[in-house]
Amino acid sequence: MNWKCLTLTAAFAGMAAAVPAKADQLDNIMSAKTLRCATFADVPPFASPDPKTREMAGFDVDLCGAIAKELGVKAEIKPVSVEARVPEVKLGRVDITVANLAYTLSRAEQIQFSDPYYLAKEMLIVPAEDAGKKKADYAGQRIASTKGSTSEMSIKLNKSDPLTFQDTASAYLAVQQGKARGMVANTMTTTKFVNESKSKGKEMRMIEEPMLYQPIGIGMAKDQPALTAKINEILRKLDASGEINKIWDKWLGPDTEYKMTRTDKVVSLSELKFDPIP
């Protein structure tokens with residue numbers, strides 16, 4: 001054999017051996033006995049500090065806890081900003097993101113999504129006296145939302161002008177102060193603000209036509225088939241047992257200010273009819 005070829009072959013073999021195989025994240029979680037979950041830092045009812053205990057509480061916090069329990073590990077909650085939900089997973093700083101994370105094509109290029117556990121809507125709220133009736137009436141208008149969210153995307157898709165903030169409270173305040181004509185957020189958040197406005201501040205109303213439909217799932221690192229399969233298995237188990245509905249009713253159900261009933265089931269994306277967001 002040509003010695004030059006032999007040398008190159010040995011060199012390439014050495015390089016291959018030096019490159020470690022991608023770690024199995026599910027094994028790492030089980031070994032550490034901890035599931036690191038990214039949640040919103042302060043977006044009730046999904047995740048926000050409890051006023052009394054200062055501990056994080058909300059729908060996403062409880063869902064993360066239920067998943068961790070099924071894995072037999074403890075849940076470690078890491079509050080993050082809206083725009084950090086994808087990067088935290090991508091960079092390996094958390095194991096999963098449970099933060100009302102909507103499926104979009106650009107996000108799906110960066111991270112892996114679980115099967116969706118509900119189909120959300122982005123809704124527009126405006127002052128009660130506003131003359132608009134449908135979302136097209138707000139094309140070209142300044143609309144507030146949280147930065148890096150699908151709410152912001154829906155505003156751009158509507159050809160409106162987004163005015164973004166780090167949290168929904170600030171976006172809502174902008175509308176109250178007349179800095180934006182309306183605000184876009186998920187149904188739960190907009191319902192809460194509309195209800196609050198009846199007794200405080202400028203009264204608001206909701207535009208009936210959704211700005212956007214979006215499947216909500218859990219975000220994970222790409223190329224982790226074992227973790228993806230396990231999270232999907234657990235979500236389906238929690239759905240079948242009624243645990244997801246139980247958590248939903250606690251934070252969003254008929255006895256809460258949101259008065260919403262969950263009718264969705266955990267299904268694969270291919271079973272849903274929706275237009276993916278870019």
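The model is predicted, so local features need pLDDT of at least 70 and side-chain atom pairs count only at pLDDT 80 or more, whereas totals for chains, interfaces and linings use all residues. Residues are numbered from 1 along each chain as its sequence is written, and side-chain values use heavy atoms, with hydrogens and water left out.

Let me begin with the domains. The assignment gives domain 1 as 27-120 + 214-271 and domain 2 as 121-213; such bounds come from an automatic or database domain assignment. Taken over C-alpha atoms, the centres of domain 1 and domain 2 are 25 Å apart. Domain 1 contributes 21 residues to the contact and domain 2 contributes 18, where contact means heavy atoms within 4.5 Å.

I turn now to the interface. The size of an interface is often given as the accessible area lost when the parts come together. Here, domain 1 and domain 2 bury about 1600 Å² between them, with 58% of it on carbon and sulfur atoms; this area is computed with a 1.4 Å probe and summed over both parts. Across the interface, 5 residue pairs are in polar contact, both residues being at pLDDT 80 or more. A polar contact is a pair of N or O atoms within 3.5 Å, one able to donate a hydrogen and the other to accept it within protein, and residues adjacent in sequence count only if both atoms are side-chain atoms.

Which elements each supply at least two residues of the side of domain 1 that touches domain 2? They are strand 5 (96-102), helix 5 (105-110), strand 7 (118-127) and helix 10 (243-252). Helices here are DSSP runs of H or I with at least four residues, strands are runs of E with at least two, and both are numbered from the N terminus. Strand 7 gives the largest share of that side, 3 residues.

Next, one residue in detail. Thr-104 lies in the loop between strand 5 and helix 5. Is Thr-104 buried or exposed? Thr-104 counts as buried because its relative accessibility is 0%; buried means under 20% relative accessible area, exposed over 50%, and partly exposed in between, with a 1.4 Å probe and protein chains only. Its side chain makes a polar contact of 3.3 Å with that of Ser-106. Leaving aside residues up to four places away in sequence, Thr-104 touches Phe-113, Thr-150, Met-153, Ile-277 and Pro-278.

Finally, Thr-150 belongs to helix 6 (residues 150-157), where Thr-150, Ser-151, Glu-152, Ser-154 and Ile-155 are buried.

Technical notes: Buried area is the accessible area (1.4 Å probe) that two parts lose on being put together, summed over both.
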